[in-house]
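Grab a pencil and open the viewer.

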Amino acid sequence: RRADRFALALVDMDKAVDVEPDFAINFQNRGILLRHMGRKADASVDLRQAVRMDPRLLDSWEALAEMALEDRRVDEAIGFFDRAMLAAQSRASVYNSRCWMLSRFDQAIDRATADCDEALKLEPGEPAFLDSRGLARLRAGRLAEAIADYDAALAKRPDLSESLYGRGVAKIRSGQIEAGRADIAAALAVDPDVKTEFAPAGLEP
């Protein structure tokens, strides 16, 4: 069972922290595991300790940001992403992550769109970034622009299930019912779990 695997992994990570308490990565690894276990308060303690010890730990900053967004602490989340920007080798990837997470949680959509714009300035035509901006524009009700972004992403990666699904939702909302259903069916054929990215965020057709 998943819970048993997590419990066993936590025992190992507790030992790693005890044996090497000066290794920031040990706190990051345990914090991320605790988050997956639903122990957000404990996860936050470990992740904050990790970035105090080593501010270059991008995964810790992004995990803290996502947890803040889950609690609708938007300004704090944006601040964590700002710190992630300083840690990242690729600023474009952090702009994209912030765009996607803000869009997923339907927060600060104008900021999300601007972040995706910045990511695409740095890496024009990147399908993952186009996909994220498509989601931001879908959230904003800019359906034609969302479809255009998804079209551009799919032109380069035809099997990008998130873009197929997002385009399907945008098409259905814009009245293109059959075309939208076809996109969603295609997305589910590629990845049956793709709807789990959209349904909890209130982005069902």
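One term before we start: buried means under 20% relative accessible area, exposed means over 50%, and partly exposed is in between (1.4 Å probe, protein chains only). You're looking at a predicted model, where local features need pLDDT of at least 70, side-chain atom pairs count only at pLDDT 80 or more, and totals for chains, interfaces and linings use all residues. Residues are numbered from 1 along each chain as its sequence is written, and side-chain values use heavy atoms, with hydrogens and water left out.

**Exercise 1.** Work out whether Ala108 is buried, exposed or partly exposed, and then look at its phi.

*Solution.* 
- Step 1: the relative accessible area of Ala108 is 34%, so this residue is partly exposed.
- Step 2: find its place, which is the loop between H6 and H7. (Helices are DSSP runs of H or I with at least four residues, strands are runs of E with at least two, and both are numbered from the N terminus.)
- Step 3: check the backbone. Most residues other than glycine have a negative phi. Ala108 isn't a glycine, yet its phi is positive, about 45 degrees.

**Exercise 2.** Find which cysteines form a disulfide, and say which hand it has.

*Solution.* 
- Step 1: use the cut-off, a pair of cysteine sulfur atoms within 2.5 Å. That rule gives one disulfide.
- Step 2: name the partners. Cys99 is joined to Cys116, with 2.0 Å from S to S.
- Step 3: Cys99 sits in helix H6 and Cys116 in helix H7 (residues 109–122), so the bond ties together parts 17 residues apart in sequence.
- Step 4: read the torsion about the S-S bond. For Cys99 and Cys116 it is about -95 degrees, so this disulfide is left-handed.
- Step 5: check accessibility. Cys99 is buried at 0%, and Cys116 is buried at 0% as well.

**Exercise 3.** Find which residues touch the most other members of the largest nonpolar core.

*Solution.* 
- Step 1: A nonpolar core is a set of buried Ala, Val, Leu, Ile, Met, Phe, Trp, Tyr and Cys residues joined through side-chain atoms within 4.5 Å.
- Step 2: see who contributes. Helix H5 (residues 74–87) gives the largest share, eight residues.
- Step 3: zoom in on Leu138. Leaving aside neighbours within four places in sequence, its contacts (heavy atoms within 4.5 Å) include Leu143, Tyr150, Val169 and Leu203.

**Exercise 4.** Say where Ile184 lies and how far it is from Tyr165 in space.

*Solution.* 
- Step 1: locate Ile184 in helix H11 (residues 177–190).
- Step 2: judge its accessibility. At 11% relative accessible area, Ile184 is buried.
- Step 3: compare sequence with space. Ile184 and Tyr165 are 19 residues apart in sequence, and their C-alpha atoms are 4.8 Å apart.
- Step 4: list some partners. Not counting residues up to four places away in sequence, Ile184 touches several residues, including Leu164, Tyr165, Ile172 and Pro205.
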